[in-house]
Amino acid sequence: SLIRQTMQEAVTLISGKNQAGTKVVLSVKRPVANSENTFENIEIAITRDALHINQVSTEKLGNDFLYVKVTSFSKTVAAELSDALYLACTGNALPYETNALLEVIKTYKPEDCAIKGLIIDFRNNGGGVMEATLDMGQTIMESGNTITIQMNANGRNLEVRQRIDGDNYVQELVENDAVVKSKATPRVFRLVPDIPIAALINEKSASSSEILAGMLRANDLAV
């Protein structure tokens, strides 16, 4: 029963947690039409589903510039950015079937992109998943450093350096300017060529927003 439950408590019970695809049956008592003080019980079956809110939106501007608004950084935001940029570049949707997607990655050339300039808006974006930030940088950058993390472990001064090198994404553990461990994996495929980019931030931009904007600016890709 939802009697004496707050609205938020009722919503939580009905929506469930990690229960997408399951069903819940609501028993509702309502007045009978044209009958005073008479009520009837009805049952309403609801199938739960995950609610997805797009974090990337775009708008085409004059002179073939593209405005991109990024509202947050979740696990899906990098894929959303790739979808949006590919659509703007080619006029076609990025395929989701594996073989078709691999063929696009193999044959696509950033120089064929129709976009002539890019404005990425991170204002009021509080950040989120770091891995998504690094993947998003790879869709824009041809090469260069993405992030360096300095740490001290048991008196050892270490750095974790990550960079794009050709077709690979390289992660290195560095001690005293010497690489002591290195790992290379295939990079996220690049979608846009070398074009003017503006990265917009404000006092409410934080975490991943600042990192990605700083990454583009540090590699002289954005102002």
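Visitor: Is Asn37 buried or exposed?
Guide: Asn37 is exposed, with a relative accessible area of 67%. The cut-offs: buried means under 20% relative accessible area, exposed over 50%, and partly exposed in between, with a 1.4 Å probe and protein chains only. Bear in mind that this is a predicted model, where local features need pLDDT of at least 70, side-chain atom pairs count only at pLDDT 80 or more, and totals for chains, interfaces and linings use all residues. Residues are numbered from 1 along each chain as its sequence is written, and side-chain values use heavy atoms, with hydrogens and water left out.

Visitor: Where does Asn37 lie?
Guide: In the loop between β1 (23-31) and β2 (39-47). Helices (H or I, at least four residues) and strands (E, at least two) are DSSP runs, numbered from the N terminus. The phi of Asn37 is near 60 degrees, a positive value in a residue other than glycine.

Visitor: And what about the phi of Asp220?
Guide: Asp220 isn't a glycine, yet its phi is positive, about 60 degrees. You'll find Asp220 in the segment after α5 (208-218), and Asp220 counts as exposed at 72% relative accessibility.

Visitor: New topic. How many disulfides does a search of the whole structure find?
Guide: The search finds 1 disulfide, taking a disulfide as a pair of cysteine sulfur atoms within 2.5 Å. This one joins Cys89 to Cys113, with S to S at 2.0 Å.

Visitor: Which parts does the pair tie together?
Guide: Cys89 is in helix α2 (residues 77-90) and Cys113 is in the loop between α3 (98-107) and β5 (117-121), so the pair links parts that are 24 residues apart in sequence.

Visitor: Is that disulfide left-handed or right-handed?
Guide: Left-handed, because the torsion about the S-S bond of Cys89 and Cys113 is about -70 degrees. Cys89 is buried at 4% relative accessibility, and Cys113 is buried with a relative accessible area of 4%.

Visitor: Back to α2. How do the axes of α2 and α4 cross?
Guide: The axes of α2 and helix α4 (residues 130-140) come within 8 Å and cross at roughly 20 degrees. Axes here are lines fitted to C-alpha atoms, for helices over the stretch in contact, and angles run from 0 to 180 degrees between N-to-C directions. That makes α2 roughly parallel to α4; angles under 35 degrees count as roughly parallel, over 145 as roughly antiparallel, 65 to 115 as roughly perpendicular and the rest as oblique.

Visitor: Which residues meet there?
Guide: From α2, Val77, Ala78, Leu81, Ser82 and Leu85 meet Ala132, Asp135, Met136 and Thr139 of α4, where contact means heavy atoms within 4.5 Å.

Visitor: What about α4 and α5, how do they pack?
Guide: At an angle of about 25 degrees, with the axes of α4 and α5 10 Å apart, and therefore α4 and α5 are roughly parallel to each other. On the α4 side you have Met130, Thr133, Leu134, Met136, Gly137 and Ile140, meeting Ser208, Ile211, Leu212, Met215 and Leu216 in α5.

Visitor: Last one. Is Gln162 buried or exposed?
Guide: Gln162 is buried, with a relative accessible area of 9%. Gln162 sits in strand β7 (residues 156-165). Leaving out residues up to four places away in sequence, Gln162 touches Leu134, Asn145, Thr146, Ile147, Tyr169, Val170 and Gln171.
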